[in-house]
Amino acid sequence: MTWTITPEPFDSPTAAALWRAYYTEVSDRWYLLHERRRTDPAELEREIAAHPGSDLAPPGGLLLVARHDGKAAGSAGVRLLAGGIAELTRVFVHEGMRGRGGAPMLVKAAEDAARELGAEVMILDTRTDLVEARALYARLGYAETERHNDDPYAEHWFRKSLN
């Protein structure tokens, strides 16, 4: 069983399916925790339409897709910010594929892509309830740091030198 990670157009059917799975999971987790309900389908569609991922297109960004034995299983995005900083976003692996090494490979591939874009530092944000993500980032050398954005859902911010 083999993982491959390759760039993917942000607007491909594969990217759309992964974005839908990602957003559904993180949104449902938030709503179940805070409001004891799942995401309203109309809200899901609005959010997907509002955040199509165009910021993950070259030359200032990149979407990576992980495939396990040829089947799309996860994604990670990188967008170049000012001052040699890149942001890691949309890190996701389908639940049934977790624990098989795909997430660390995705993050490392995203770090390589960020370096190729000229970044010296990678930043990201996540939420308290996404404990698996926070553990992954800590394991891969990301240090929790001060707030670097005003995302209303972000509760933890991380940073890693790419040098």
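Mentor: Let us begin with a definition: helices (H or I, at least four residues) and strands (E, at least two) are DSSP runs, numbered from the N terminus. Residues are numbered from 1 along each chain as its sequence is written. This is a predicted model, in which local features need pLDDT of at least 70 and side-chain atom pairs count only at pLDDT 80 or more, while totals for chains, interfaces and linings use all residues, and side-chain values use heavy atoms, with hydrogens and water left out.

Trainee: How many helices and strands does the chain have, and in what order do the elements run?

Mentor: The chain holds four helices and seven strands. Read from the N terminus, their order is β-α-α-β-β-β-α-β-α-β-β.

Trainee: What does the radius of gyration say about the chain?

Mentor: The radius is taken over C-alpha atoms, and the globule rule is 2.2 Å times the number of residues to the power 0.38. For 163 residues a compact globule would have a radius near 15 Å, and the chain agrees, at 15 Å. The C-alpha trace spans about 45 × 40 × 30 Å along its principal axes.

Trainee: How is burial read, and what percentage of the residues is buried?

Mentor: Buried means under 20% relative accessible area, exposed over 50%, and partly exposed in between (1.4 Å probe, protein chains only). Of the 163 residues in the chain, 44% are buried.

Trainee: Which residues does Gly77 contact, and where is Gly77 found?

Mentor: A contact means heavy atoms within 4.5 Å. Gly77 is found in strand β3 (residues 71–80), and it is buried because its relative accessible area is 0%. Neighbours within four places in sequence aside, Gly77 contacts Leu56, Leu62, Leu63, Glu87, Leu88, Thr89 and Arg90. For the chain, 61% of the contacts with a separation of 6 or more are between residues 24 or more positions apart.

Trainee: Where is the cis peptide bond?

Mentor: The cis bond joins Pro58 and Pro59, with omega about 10 degrees. Pro59 belongs to the loop between α2 (41–50) and β2 (61–68).

Trainee: How is strand pairing read, and which strands are joined to β7 by bridges?

Mentor: Two strands pair if DSSP finds at least two bridges between them. Strand β5 (residues 121–126) is joined to β7 (residues 156–161) by six bridges, and the two run antiparallel. Strand β6 (residues 143–145) is joined to β7 by three bridges, again antiparallel. Arg159 of β7 is the bridge partner of Ile123 and also of Ala143.

Trainee: Which residues does Thr126 contact?

Mentor: Thr126 is found in strand β5 and is buried, with a relative accessible area of 6%. Setting aside neighbours within four places in sequence, its contacts are Ala133, Arg134, Tyr153, Ala154, Glu155, His156 and Phe158.
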